Amino acid sequence: MLKALVLFGQFFTRIYIPVEIDDVTNKFKQSIQYITVFGLLLGVIEAAILGGLSFLFPLWLAWIFYWVLDGFVTGGFHLDALADTADGLFSSRTTDRIFEIMKDSRLGTMGSLALLYFYLTVIGCGISLSHYLNWWQMMYLAAIMTMLTKTGVSLLFYKMIYAGAQGGLASIWTGVKSWRILIAQLFSVIVIGFALGWRGLVGYVAMVLVAVLYRHHIIRVLGGFSGDTVGAYANLAQVVFLLAYLVTVRLTI
């Protein structure tokens, strides 16, 4: 498990970890059951920093700094995928051309809008929720937000169809055994249920339902997933969860 956490830290963050991991591809596939554990550990660190900032600044401003911090720690790993996917899917081009657009390092209009809408949504939802949740619940929410990036992408590993370039990033996630994905999801469910109660579980269910629709759409349009289309759902999962959780909180508190 420790090697798995180190591997995820090296892959998903900019944190320097001077440990060499052999046979990375197989290690990834054999460690997916720990991916949400890693997400939570990273989330706890970021939430702790959020908590410290909340004593210096208003909670709403500290919440904004939390998202800035996350971008620096992860190097915008999933954000880049979100922007590339938006540029490609909303280009109204052929499948081959969509893949070419997603590989282009330049940021397009739709990618820029996707990033703008993402930050407006997650920041707005967090500020709204701060009027209903206590300090501890906001810290739990922050930790869970980071965990959800790994919860979301691991859902797509189930019988994943790869359609990207040969040897592409997402190819390492094909053939992941279902029981490993199930364990990762159960861990998330337990954490969300314990920290946020049934309202949080409503958000989780919404995220799973949208993942099914997203999977269907990507396979229909592109024939399968690439690294960008998998990574994009990390941020989409956060948006869906927050929106569903916010609506549920507003209607029941």
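**Helix packing and selected residues**

Modeller: V249 is buried, with a relative accessible area of 1%. Bear in mind that the model is predicted.

Colleague: Which helix does V249 lie in?
Modeller: V249 is a buried residue, at a relative accessible area of 1%. The cut-off for buried is under 20%. The helix that holds V249 is α10.

Colleague: How far apart in space are V249 and Y132, C-alpha to C-alpha?
Modeller: In sequence, V249 and Y132 are 117 residues apart. Leaving aside neighbours within four places in sequence, V249 is in contact with L129, Y132 and R199. From C-alpha to C-alpha, V249 and Y132 are separated by 7.6 Å.

Colleague: At what angle do α8 and α10 pack?
Modeller: Helix α8 covers residues 135-156, and helix α10 covers residues 227-252. Their axes are 8 Å apart. The two helices are oblique to each other. The angle is about 130°.

Colleague: How many nonpolar residues are in the contact of α8 with α10?
Modeller: On the α8 side, the contact includes L141, I144 and M145. α8 passes α10 in a right-handed crossing. The contact has no charged residues and 6 polar ones, and its nonpolar residues number 13.

Colleague: Are α5 and α10 roughly parallel or roughly perpendicular to each other?
Modeller: The axes of α5, residues 77-89, and α10 come within 7 Å. They cross at roughly 110°. Angles of 65 to 115 degrees fall in one class. Therefore α5 and α10 count as roughly perpendicular.

Colleague: How many charged residues are in the contact of α5 with α10?
Modeller: The crossing of α5 and α10 is left-handed. From α5, the contact takes in H78, L79, A81, L82, D84 and T85. These meet residues of α10 including D228, T229 and N235. The contact divides into 6 nonpolar and 6 polar residues, while the charged ones number 2.

Colleague: Which residues of α4 meet α7?
Modeller: Helix α4 spans residues 59-74, and helix α7 spans residues 109-129. Their axes come within 9 Å and cross at roughly 145°. The crossing is right-handed. The α4 residues that meet α7 are W60, W63, I64 and W67.

Colleague: And how many polar residues does the contact of α4 with α7 have?
Modeller: The α7 side of the contact is made of F118, Y119, V122, I123, G126 and I127. The contact has 9 nonpolar residues and no charged ones. Its polar count is 1.

Colleague: Which residues have the most contacts inside the largest nonpolar core?
Modeller: In soluble globular proteins, nonpolar side chains tend to be buried together. Here the largest nonpolar core has 78 residues. F157 touches I32, I35, W173, V176, I181 and V230, leaving out residues up to four places away in sequence. The residues with the most contacts inside the core are L141 and F157.

Colleague: What is the phi of K159?
Modeller: K159 is found in the loop between α8 and α9. K159 is exposed, with a relative accessible area of 57%. Most residues other than glycine have a negative phi. K159 is not glycine, yet its phi is positive, near 45°.

Colleague: Is A163 buried or partly exposed?
Modeller: A163 is found in the loop between α8 and α9. Beyond residues up to four places away in sequence, A163 touches F99, L222, G223, G224 and F225. Buried needs a relative accessible area under 20%, and exposed needs one over 50%. A163 has 24%, so it is partly exposed.

Colleague: How far apart are the C-alpha atoms of A163 and F11?
Modeller: Along the chain, A163 and F11 are 152 residues apart. The C-alpha separation of A163 and F11 is 22 Å.

Colleague: Which residues does V37 touch, not counting residues up to four places away in sequence?
Modeller: V37 is found in helix α3, residues 35-53. V37 is buried, with a relative accessible area of 14%. V37 and K103 are 30 Å apart in space, C-alpha to C-alpha, and 66 residues apart in sequence. The residues that V37 touches are M1, L5 and F187.

How values were computed. Residues numbered from 1 in each chain as written. Predicted model: local features only at pLDDT ≥ 70, side-chain atom pairs only at ≥ 80, totals over all residues. Heavy atoms only, no water. Axes fitted to C-alpha atoms, helices over the stretch in contact; angles between N-to-C directions. Helix = DSSP H or I, 4+ residues; strand = E, 2+ residues; numbered from the N terminus. Parallel < 35°, antiparallel > 145°, perpendicular 65-115°, else oblique. Left-handed = near helix turned anticlockwise from the far one by under 90°. Contact = heavy atoms within 4.5 Å. Nonpolar A, V, L, I, M, F, W, Y, C, P; charged D, E, K, R; others polar. Core = buried A, V, L, I, M, F, W, Y, C linked by side-chain atoms within 4.5 Å. Buried < 20%, exposed > 50% of the residue type's maximum accessible area, 1.4 Å probe, protein only.
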